[in-house]
Amino acid sequence: MYQIKMENCNNIIQGELTIENGKLNIFYGINGTGKTTIAKAIEFSKEPQKIKELQSFLKEDPASVSISPEIGKILVFNEDFVRDIVFKEDEVIQNSFEVFLKTPNYSQKKAQLDQHLQALHNIMKQDEEIQELQKLLDQIAGKFKRNINGKLSRSGVYKSVLSKSNLYNIPEELDSYRPFITNTEINISWIDWKSKGDAFDIGDGCPYCSEALNRLVHNKRKEVFKETYKKSDSQNLKDLLDLFENLRIYIKPEKYDELVSYVKNDVPEDIISAILEKLLLEVDVMLKRFVAIVEFGNRRIVLADISKLEQQINEMEIPKNFFEIFGGEKTENVIKRINDQVVELRSEAAVLKREMGALKGLMQSTIQASQADINEFLKTAGINYELVILAEDETNSRTILKQCFSEEKTDVTKIRDHLSWGEKNAFALILFMYYAVAQNPDLIILDDPISSFDTNKKYAILHRMFKNIGKRDVSFDRKTVLFLTHDFEPITDFIVVGKLGEERAQASFICNEHGTVKAYKINPNSDVKLITTECSEIAKNININIVSRVAFLRKLSELNERNEDWDLVYEILSCLIHANEIKRKVGNNIYVEIAPEDIAIGIAKIKEYIPDFDYDELKNNIYTKEGIKNLYNVETNAYLKVQLFREINEILTQNEIKITQMDGAWYKFIDEAYHIENDYLHFLDIIKFNIVPSYIIDNVDQIVSRI
């Protein structure tokens with residue numbers, strides 16, 4: 001149970017409400033009570049900045065809301081939901097997978113599947129040796145560039161390999177540099193240093209030692225060195241051979257010697273190109289398998305992947321007979337470890353496919369049930385559209401709307417433009433129900449959600465949301481719901497007639513008395529009555545003023561269709577209400593006498609309810625300006641005061657009552673809303689007027705045709 005206290009929020013200076021857990025809490029009150037303020041105050045209760053927006057103009061003290069115990073998650077059906085969550089262009093509702101498909105059953109099965117899938121991922125976890133091998137292969141592949149046709153590009157490392165003179169083929173003119181060029185510890189740095197020194201070769205002395213030079217020999221040597229050696233080429237060759245050395249244990253010995261020989265010696269381009277392309281082809285094959293293994297181990301497989309699962313596993317297997325360069329014990333061990341894991345994964349994947357297939361089947365059945373449920377509601381509410389849920393998995397789902405005005409049910413784009421206000425809001429309420437159930441909030445607030453709908457839509461909405469019909473795992477039944485309304489029908493439907501039971505629903509009347517909001521629980525057994533019972537009880541109640549007793553007795557005569565003696569009761573009381581002599585009205589300002597014996601019969605019927613009824617006494621002493629005013633001054637019930645006000649207006653002239661033109665609007669409200677003849681339901685003549693919507697009679701026709 002939640003205790004809610006509000007202070008200085010809009011038109012509420014102070015107010016207290018109690019919301020019971022696990023129930024539909026209906027709070028019924030007239031417009032102006034502050035129902036929307038109550039909804040916002042509860043919604044904003046955890047956001048002090050938003051509470052400030054509710055600051056009352058009636059008091060300078062700050063707005064405040066306190067709730068005990070604290071409410072966790074709160075969801076409100078309001079304009080924000082309709083604006084932000086539903087009917088965006090051609091999408092019915094956002095996050096449709098979460099709303100319609102992520103049921104507890106789905107989540108349980110998906111958790112089991114994810115646990116199984118994680119075990120498979122662990123099978124494919126790489127060992128350190130494979131990780132190191134993949135790193136080396138990536139480095140080899142990165143050393144060479146390819147053309148669009150896949151052939152080696154004559155640039156970078158490949159260009160360096162093709163050089164006729166290099167670290168391993170020293171020109172005769174540079175033989176004196178051999179100790180430096182062949183020293184693998186310093187050769188690259190020395191070549192760089194030697195090249196940079198040429199910038200200082202400007203005199204007859206050596207730029208390195210300043211001793212005298214044989215300029216002719218020196219220049220020739222300098223030219224050969226410049227043409228033969230570049231630091232980048234030398235570095236490329238050194239790096240490549242270092243990589244070959246690191247990969248040596250994974251390469252067949254004779255192929256390793258062949259690779260090194262081709263790099264170090266002057267070999268025709270087509271030969272060295274052929275072996276390098278074969279090497280890179282084998283590197284690509286292994287890397288592709290490694291990447292497939294890593295992706296499978298890291299990615300989150302979704303339902304749409306079921307059909308691709310076998311293909312993904314096949315892409316991990318390494319074809320050991322494919323390799324000509326790579327080989328030997330180390331390589332065979334790596335290939336065997338990976339392929340053994342692939343074999344194990346294949347057997348596990350068969351189980352995985354069955355689990356994923358079962359989950360997809362559950363998802364499809366949930367889609368069908370949700371579609372059928374919502375579309376049945378739309379049909380019942382007279383909304384001529386259908387919802388379609390399209391879903392592959394968590395990452396690929398959407399909802400669309402189709403029109404049903406023609407045999408070809410076409411998709412609806414710009415949904416907001418096609419649905420009427422009533423259709424949009426009725427539909428949005430049911431979508432909100434699904435949305436809220438998926439979110440599982442601690443409190444759901446419905447702020448006057450149905451008052452603007454016709455009776456048929458009200459019935460369809462209320463019964464679907466709270467009567468646990470349709471898709472039974474999606475409803476507000478037994479959830480904590482605050483239902484604020486100025487419509488009495490929910491109370492009649494659920495508390496009085498529908499009987500949800502005290503454990504499922506409770507109702508209260510809320511009123512705002514000069515800024516103080518109070519809530520009074522409604523007892524369906526004693527507080528809600530049939531109109532005929534109400535009229536009879538008030539007419540007989542000696543503690544109620546006589547003018548109101550007469551008014552309700554005349555209403556009772558109408559409810560009894562003025563049959564037999566009730567017609568005489570109606571005529572006599574009408575004359576009294578207008579403070580006239582007893583006569584029957586037969587036209588405008590046309591009256592005829594009523595026979596004395598009929599008057600006696602009518603009076604006798606009246607005395608069954610008002611035993612001391614005396615027409616002349618009442619007409620002369622009560623149905624006067626002074627008499628009504630005296631009753632008004634002592635009356636405490638607001639409804640009866642309005643009734644007395646209307647009666648005094650009947651017997652006084654316009655000048656005396658002084659209703660100005662500016663008073664017309666509020667007086668019309670009183671005259672119509674609280675008219676002693678209009679405060680009960682009226683129906684059109686069902687013979688003359690067709691009051692049944694065409695879609696309902698169409699449905700009835702279909703049902704009857706099947707009988």
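Which residues do ring pairs link into a cluster? The points below take this up, along with other features of the chain.

1. Basis. This is a predicted model, in which local features need pLDDT of at least 70 and side-chain atom pairs count only at pLDDT 80 or more, while totals for chains, interfaces and linings use all residues. Residues are numbered from 1 along each chain as its sequence is written, and side-chain values use heavy atoms, with hydrogens and water left out.

2. The chain overall. The secondary structure comes to 29 helices and 15 strands. Helices (H or I, at least four residues) and strands (E, at least two) are DSSP runs, numbered from the N terminus. Of the 707 residues in the chain, 44% are buried. Buried means under 20% relative accessible area, exposed means over 50%, and partly exposed lies in between (1.4 Å probe, protein chains only).

3. Contacts. Among contacts in the chain with a separation of 6 or more, 68% come from residues 24 or more positions apart. A contact means heavy atoms within 4.5 Å.

4. The ring cluster. The answer to the opening question is F77, F81, F432, Y435, F466, F476 and F483. A search of the whole structure finds 12 aromatic pairs. Rings of Phe, Tyr and Trp (its six-membered ring) pair if their centres lie within 6.5 Å; planes under 30 degrees apart count as stacked, over 60 as edge-to-face and the rest as tilted.

5. Y28 and F509. These two rings have centres 5.9 Å apart and planes at 50 degrees, so the pair is tilted. The pair links distant parts of the chain, 481 residues apart: Y28 is in strand 3 (residues 24-28) and F509 in strand 12 (residues 505-513). F509 counts as partly exposed, at 30% relative accessibility.

6. F77 and F81. This pair is also tilted, because the ring centres are 6.0 Å apart and the planes stand at 55 degrees. F77 is buried at 6% relative accessibility, and F81 is buried at 5%.

7. A charge over a ring. The charged end of K278 sits over the ring of F322, 4.6 Å from its centre. The rule asks for NZ of Lys or CZ of Arg within 6 Å of the ring centre and within 35 degrees of the ring normal.

8. I590. Where does I590 lie? I590 is in strand 15 (residues 590-593). With a relative accessible area of 45%, I590 is partly exposed.
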